[in-house]
Amino acid sequence: GCFENSSSTAGPDVNQDKNTNTDFNQQALVENLTDNIITPTFAHFVELAVTQKSDVGEYCTKLGDQINGEGSAESVTESKEKAQESWRAAMNSWQEAEVMLLGPLHADDNFLRNQIYSWPNTNSCSVDYDVVFYKNDEVNGQPYDITKRTPSRKGMAALEYLLFNDNTAHSCDAGSPPDWNTLDDNTIKLARCAFATEVADDIHNTASSFLTSWNADNGYANQLKQAGNTSSSIEEIHDAVNRISDAMFYLDSVTKDEKLATPLGIFQNECNGIPCQQEVESPYAKHSLSNIYYNLLGFQKLLTGEDGLGFTDYLVDVGDEATAEAMSTDVEEALASILSISGSLYDVLEGDVTPAEQSHQDIKDVTDKLKTDFINSLALELPSTAAGDND
């Protein structure tokens, strides 16, 4: 997985004794972050996935009515905009969860996470193929079953394509999905919408099943909170702290590097190192800046603990109030920087990219401290994604 976050190496200047020289309540930290930040984030996404499923279904009903001469174009437009807004709300929530990829969400190269949101592994051509497969209820001679389909054909990224792309031409470079060229525009619209309802239903089912297992007596939430006890597979409470820290490094390896540095051309990309719209995370909804904002917001919640204990409290307790204050300030500045950008990242890449470059630098200010002072002061280990990273 491109952002597997298993811990691997200690920070270069880490004081392994520092953690034992404090009476900071790591158990309370893990309990607060799990019960009041992480689990509610997952639960909120499930709630929004229900609304998304309902609104997509309503839109498709209105579209069918209008095509059959029984409804108005205005009602279709209204219901489509409502479905799109539900997608945006659900995506915002999921982007907070992206910095909380723990336990089953990142096991097996992020397999479960990818069922819900597979980016950067997306393929709109494959989605168009599945539109036809679902319409015909057949794949290779077997009944269509979305649970057996690969992540790039479903999930939030596929739903974005289905809800925000109005072009009825297929998106394959070579060849075409079966029967596509024999279908009229209305048939394609109805088929795409029908598949969108199936995708939205699958997103809800996957997220709901995950939340149930997460909250189970032997689920990962309790594994974290009971770390160090015989009832948990996590040997020490400090290991549980480290696993939450690992998840936060998404802000470095994905938000900073893949969502900004790559499309900006700071890193090599499909456009040979110049600003590149093809690399933008959310090209159809043009939602990428919002995604980055909510990554930062999720990170901030874990960092500060909101109304309970957070990592900043831990830093203060071990005597590194400077890092706690600097990281808190840097996150606020990064959030403000994203909000200050006019238009979408997709559009910004066509002109003056200076505001987006500034946002990249502002996030880098956060992650530079995350990889050094934060890790060292708390005697944590760097995840494999950050080990040896000197960007």
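Modeller: A salt bridge is a side-chain nitrogen of Lys or Arg within 4 Å of a carboxyl oxygen of Asp or Glu. This is a predicted model, in which local features need pLDDT of at least 70, side-chain atom pairs count only at pLDDT 80 or more, and totals for chains, interfaces and linings use all residues. Residues are numbered from 1 along each chain as its sequence is written, and side-chain values use heavy atoms, with hydrogens and water left out.

Colleague: Why is the pair of Asp201 and Lys53 called a salt bridge?

Modeller: The closest N and O atoms of Asp201 and Lys53 are 2.8 Å apart, and the limit is 4 Å, so the pair counts as a salt bridge. Asp201 is in helix H6 and Lys53 in helix H1, 148 residues apart. Helices here are DSSP runs of H or I with at least four residues, and strands are runs of E with at least two, numbered from the N terminus.

Colleague: What makes Lys53 partly exposed?

Modeller: Buried means under 20% relative accessible area, exposed over 50%, and partly exposed in between (1.4 Å probe, protein chains only). Lys53 has 32% relative accessibility, so Lys53 falls in the middle class. Asp201, at 22%, is partly exposed as well.

Colleague: How do you know whether Lys225 is buried or exposed?

Modeller: Its relative accessible area is 17%. The cut-off is under 20%, so Lys225 is buried. The side chain of Lys225 meets that of Asp35 in a salt bridge of 2.8 Å, N to O. Lys225 lies in helix H7 (residues 220-225) and Asp35 in helix H1, so the pair ties together parts that are 190 residues apart in sequence. Asp35 is partly exposed, at 36%.

Colleague: Why is the aromatic pair of Phe24 and Tyr314 called stacked?

Modeller: Rings of Phe, Tyr and Trp (its six-membered ring) pair if their centres lie within 6.5 Å; planes under 30 degrees apart count as stacked, over 60 as edge-to-face and the rest as tilted. Phe24 and Tyr314 are 4.5 Å apart, centre to centre, with 10° between the planes, so the pair is stacked. Both residues are buried.

Colleague: What makes the pair of Phe42 and Trp214 edge-to-face?

Modeller: Their centres are 5.0 Å apart and their planes 90° apart. The angle is over 60 degrees, so the pair is edge-to-face. Phe42 is in helix H1 and Trp214 in helix H6 (residues 185-215), 172 residues apart. Phe42 counts as buried at 3% relative accessibility, and Trp214 at 1%.
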